[in-house]
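Me: I would like to go through this structure with you in short questions. Please keep the answers plain.

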2 protein chains.
Amino acid sequence: MGIRERKERHKENLKAQILEAAKRLFVKEGYAATSIRKIAAEIEFSPTTIYLYYKDKSDIAYALHQEGFLLFRERLAVLELVEHPFERLRAMGRAYIQFALDHPDFYEVMFIMREPMDYLETHHPEQDWPEGERVLDGLFQTIHACQQAGYFNDIGTQEMAILSWNVVHGLCSLHITGHFRSIAEKCAPHQDFKKDSLLEDVFQAYMKVIERMK
Amino acid sequence: MGIRERKERHKENLKAQILEAAKRLFVKEGYAATSIRKIAAEIEFSPTTIYLYYKDKSDIAYALHQEGFLLFRERLAVLELVEHPFERLRAMGRAYIQFALDHPDFYEVMFIMREPMDYLETHHPEQDWPEGERVLDGLFQTIHACQQAGYFNDIGTQEMAILSWNVVHGLCSLHITGHFRSIAEKCAPHQDFKKDSLLEDVFQAYMKVIERMK
DNA sequence: CAAATTTAGTTAACACTGTTAATTATGCAA
DNA sequence: TTGCATAATTAACAGTGTTAACTAAATTTG
């Protein structure tokens, strides 16, 4: 029987298979359209089977959230090689934006949606947000190195790190949620090229601003 | 003649009543928990009656979105009285943050949720986002006045306006979606007071940064 | 080996959701 | 009074997350 074969094949990685199926649906149709029942259908199991491996839907959301951070760190890791701290900061910002443009669904589950955060708070109240802290820590170190190199020394390292994060997050989140759709062309009605480079332009403006802080 | 007018008035009345009921539920339990059926129950009408006055749920979301901008502009209007443009910019930023803290649900429907934006695009594709543009225009003018006063003249006005918007939006959105919950205390483990003033601190850092750009 | 027990997975159901088609009730004009 | 347009309703569709009860298979125990 085909069903028995399938069962034997995936005896132990069913949890991983659920996540893979969820990820497939998720990147194809977004989180909102990824229902428990569809995930179940994708792996040819009953919907309730999902609940044997994941507590609830926010648990799956958090798993996708973690998956996104895996992708994200993988991308940013190479930037450790950029020696000049200020140029590294610039590269990190651009990489952040590019990640959001390449993987808007992952960006949403990582930085916009409440569900993964709610899962952390309700099911693991003791610990806080390891993924976010790890990324922010990398940014913190680069900002610190910038300050060692003489940049923005009259600003707190934490404040500067969170500020820089905020600038790119503001851009990416407003872009993804559709709030920039009409803003872009209003900003440059007779410059069509600007429509596609608003994120880049504003980020460059930020870098220009903090560049002077030496 | 007069009959039709009265009918229209009654119709507008019920439409307004629906919105009022939606707003009540919305500020009390958030958008996610505000269902069509609950709105209908609140005004003691059948659920389908809602559809005689609003196209679909995203239509209601957009109405709440507009309602939020009404509140928002009402608050910011008085800041036109602040003469010094840079101080006006500072006041606008603080007012923006305070609005988000006071009305997180409205902030969410105004700047975070896709639904109102989707309504605009699918049901009114010709026009773009009037609420956003109007607010951004006010910011644009203040930035322009700052530049006239000698601030950040080597940065484009549009870029500077959107950048400033991004900074406060980044702060408010990450705060509202719960992404700052654990970040705050990590930043200042032995300074309890900082937990509540992260938004203010980072905003001040931004103001400090652009203050130097004269 | 057979019986008991644990485990994995399923079916059926609950209580919701947004939304539409068909139907009834209501007030107005001819 | 009849006919008609409109307002509002009921019933239903197609989905959602989630839980309790149940079955079948595997494993442990006497």
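Me: Which element gives the most to the surface near DNA strand D?
Reply: That is α3(A), with three residues. A residue is near a strand if one of its heavy atoms lies within 4 Å of it. Helices (H or I, at least four residues) and strands (E, at least two) are DSSP runs, numbered from the N terminus. This is a predicted model, in which local features need pLDDT of at least 70, side-chain atom pairs count only at pLDDT 80 or more, and totals for chains, interfaces and linings use all residues. Residues are numbered from 1 along each chain as its sequence is written, chains are lettered from A and ligands numbered from 1 in the order in which they are written, and side-chain values use heavy atoms, with hydrogens and water left out.

Me: How many residues surround DNA strand D, and which are the closest?
Reply: DNA strand D is surrounded by 17 residues, and the closest are R37(A), T48(A), T48(B), T49(B) and Y53(B). By class, six are nonpolar, six polar and five charged. Here Ala, Val, Leu, Ile, Met, Phe, Trp, Tyr, Cys and Pro count as nonpolar, Asp, Glu, Lys and Arg as charged, and the others, Gly among them, as polar.

Me: What share of the DNA strand D atoms within 4 Å of the protein belongs to sugar or phosphate?
Reply: The share is 45%, and the rest belong to bases. For DNA strand C, the sugar or phosphate share of the atoms within 4 Å of the protein is 47%.

Me: Moving to DNA strand C, which residues come nearest?
Reply: T48(A), T49(A), Y53(A), R37(B) and T48(B) come nearest, out of 19 residues around DNA strand C. The surface there has seven nonpolar, six polar and six charged residues.

Me: Which elements supply at least two residues each there?
Reply: They are α4 (47-50) of chain A, and α1 (2-29) and α2 (36-43) of chain B. Of the elements, α2(B) gives the most to the surface near DNA strand C, with three residues.

Me: Where does the side chain of T49(A) meet DNA strand C?
Reply: An N or O atom in the side chain of T49(A) is 2.3 Å from a phosphate oxygen of DNA strand C. I36(B) uses a backbone N or O atom, 3.0 Å from a phosphate oxygen of DNA strand C.

Me: Now the fold. How many helices and strands does chain A have?
Reply: Chain A has twelve helices and zero strands. Its C-alpha trace spans about 70 × 45 × 30 Å along the principal axes.

Me: At what angle do α5 and α9 of chain A pack?
Reply: Helix α5 (residues 57-77) and helix α9 (residues 130-148) of chain A pack at about 20°, with their axes 10 Å apart. Therefore α5(A) is roughly parallel to α9(A). Axes are lines fitted to C-alpha atoms, for helices over the stretch in contact, and angles run from 0 to 180 degrees between N-to-C directions. Angles under 35 degrees count as roughly parallel, over 145 as roughly antiparallel, 65 to 115 as roughly perpendicular and the rest as oblique.

Me: Which residues of α5(A) and α9(A) meet?
Reply: Y62(A), H65(A), Q66(A), F69(A), F72(A) and R73(A) of α5(A) meet P130(A), E131(A), G132(A), R134(A) and V135(A) of α9(A), where contact means heavy atoms within 4.5 Å. This contact has five nonpolar, three polar and three charged residues.

Me: And in chain B, at what angle do α8 and α9 cross?
Reply: The axes of α8 (residues 130-148) and α9 (residues 157-176) of chain B cross at roughly 120° and come within 9 Å. Therefore α8(B) is oblique to α9(B).

Notes:
Polar contact = N/O pair within 3.5 Å; in protein donor to acceptor, adjacent residues only side chain to side chain.
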